[in-house]
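User: Could you take a close look at one helix for me, how it sits against the rest of the protein, and then say a bit about the main pocket? I'd like the cut-offs spelled out.

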Amino acid sequence: MELFGGLIAVTVDVFLQKLHLRNVPALADIGAPAEGCTCIVTGPTSGIGTETAATLVRRNAHVVLACRSAERGEKLRKQLYEEGIKAGRQPSLEVQLLDVASLDSIRRFAKSWHEQKRPLHMLINNAGIFSMGADRSRTEEGFEAHMGTNYLGPFLLTMLLLPNLRQTAKKNNHNKPVRIVNVSSKMHELAPGVDKDDPHFQAQRSYSSLAAYNRSKLAQVVFTAELRRRLPGDCGIAVTAVHPGEVMTDVVRSLPALMQTAYRFFMRPFCLSPAEGARSSIYCATSRDPILTERGQSMEPDNCYFGSDCRCSSPSPHALDPALGQWLWKWSADMVKLPVEYNIPASSSS
Ligand SMILES: NC(=O)c1ccc[n+]([C@@H]2O[C@H](COP(=O)([O-])OP(=O)(O)OC[C@H]3O[C@@H](n4cnc5c(N)ncnc54)[C@H](OP(=O)(O)O)[C@@H]3O)[C@@H](O)[C@H]2O)c1
């Protein structure tokens with residue numbers, strides 16, 4: 001019944017989203033300036049991530065293009081740099097290698113960040129996969145690929161960079177936005193919880209990449225709510241999960257060529273452009289909306305999820321379940337071998 005309700009909601013969302021979002025401003029008019037902010041955008045080399053990174057560059061932030069391909073990263077850096085120069089700006093951006101499916105790569109990235117004692121205002125956990133119709137596959141650590149790439153990697157990255165974000169928020173005296181944005185999906189509503197006995201789909205004979213994707217996206221929202229419970233209300237960091245909308249990107253790349261073409265042909269009229277899909281990330285990363293800036297408010301677990309209309313909305317009830325939040329946290333910390341000094345104990349309210 002719950003799954004059926006979720007399926008209807010997601011289907012309606014896909015086909016009516018353009019109508020529902022008709023009054024949402026264009027990307028350039030969403031949120032607020034980001035001048036002087038240092039931002040990490042993961043997965044900037046395609047789709048929503050490219051538009052997110054480009055918008056922050058246009059707003060004079062320093063943007064780290066955290067990508068797994070040096071070549072694609074460099075191509076994007078050059079393109080955004082030239083665009084900025086033509087527009088009379090001095091763009092500030094750099095490429096850093098980061099594979100969010102590899103814990104070693106994440107640890108190297110975070111180590112270098114700590115060694116350079118860099119400030120960090122915005123961490124946009126955008127990189128993700130949806131291996132539609134593909135067989136079960138695993139990350140190098142043996143995690144189910146969606147869970148590893150979409151959730152466990154970003155969990156580790158966030159926890160390792162949290163000291164930098166907290167330090168930045170402290171010094172910043174709350175003047176500039178300090179934010180964590182987890183790019184999730186409305187599809188998380190279709191996940192019937194997280195199977196605690198088999199989170200990596202090892203025991204199940206039949207495997208569905210859709211179920212694995214949905215579960216990984218639910219895990220992102222559960223983590224977002226749990227992090228908000230654990231961080232002090234006055235830490236100055238707003239942590240959110242967003243649904244970008246159903247967006248025409250390369251997310252269907254795992255489908256056979258013919259199916260990709262058919263998908264693009266039939267779905268294009270209903271899908272958002274990548275720029276439209278980046279609006280909720282940019283809103284949560286930059287907006288001075290009181291729900292994101294007021295002490296405590298920004299840490300209420302109930303305020304953790306924003307839809308493609310850039311409004312706070314209700315995630316799946318599983319996402320706000322404190323018992324699931326506690327379990328997922330402990331399981332994730334064990335999975336990624338989170339060093340104890342980076343862990344945050346459960347708050348009395350969780
Ligand atoms: N499109 C939608 O309708 C939709 C709906 C809901 C949520 N989302 C979410 O939005 C986010 C962006 O997706 P998109 O639609 O823009 O997809 P996309 O066009 O496929 O872009 C995904 C980005 O993630 C990067 N990436 C994938 N695996 C990575 C890894 N292991 N390490 C580092 N980077 C990696 C890709 O890098 P490469 O260029 O190297 O492949 C690419 O830059 C994802 O989290 C997705 O789940 C999308």
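Here is the close look, starting with the helix and ending with the pocket.

Analyst: A quick note on ground rules: this is a predicted model, where local features need pLDDT of at least 70, side-chain atom pairs count only at pLDDT 80 or more, and totals for chains, interfaces and linings use all residues. Residues are numbered from 1 along each chain as its sequence is written, and side-chain values use heavy atoms, with hydrogens and water left out.

The helix to look at is H4, residues 103–115. Helices here are DSSP runs of H or I with at least four residues, strands are runs of E with at least two, and both are numbered from the N terminus. H4 has 13 residues and spans 18 Å from first C-alpha to last, close to the 18 Å expected at 1.5 Å a residue (the expected span being 1.5 Å times one less than the number of residues).

Now for its two sides. Leu103, Ser105, Ile106, Phe109, Ala110 and Trp113 are the buried residues of H4. They sit on the same side of H4 because they cover an arc of only 160° around the axis, the arc being that of the directions from the helix axis to the C-beta atoms. On the other side, Arg108, Lys111 and Glu115 are exposed. Buried means under 20% relative accessible area, exposed over 50%, and partly exposed in between, with a 1.4 Å probe and protein chains only.

What lies over that buried side? The cover includes strands S1 (38–42), S2 and S3 (92–97), plus helices H5 (145–172) and H11 (322–335); contact means heavy atoms within 4.5 Å. After H4 comes Lys117, with a positive phi near 50°.

S2 also leads us to the pocket: strand S2 (62–67) is among the elements that each supply at least two residues of the largest pocket's lining, along with H1 (2–20), H2 (47–58), H6 (209–230) and H7 (257–267). H1 gives the largest share, 5 residues. A pocket is an open set of points on a 1 Å grid over the protein atoms alone, where a 1.4 Å probe fits, with protein on both sides within 12 Å along at least five of seven lines; lining residues have an atom within 4 Å of a point. The volume is about 1400 Å³, taken as the space filled by probe spheres set on the points. Of the 49 lining residues, Ile129, Phe130, Tyr213, Thr249 and Val251 lie nearest the centre.
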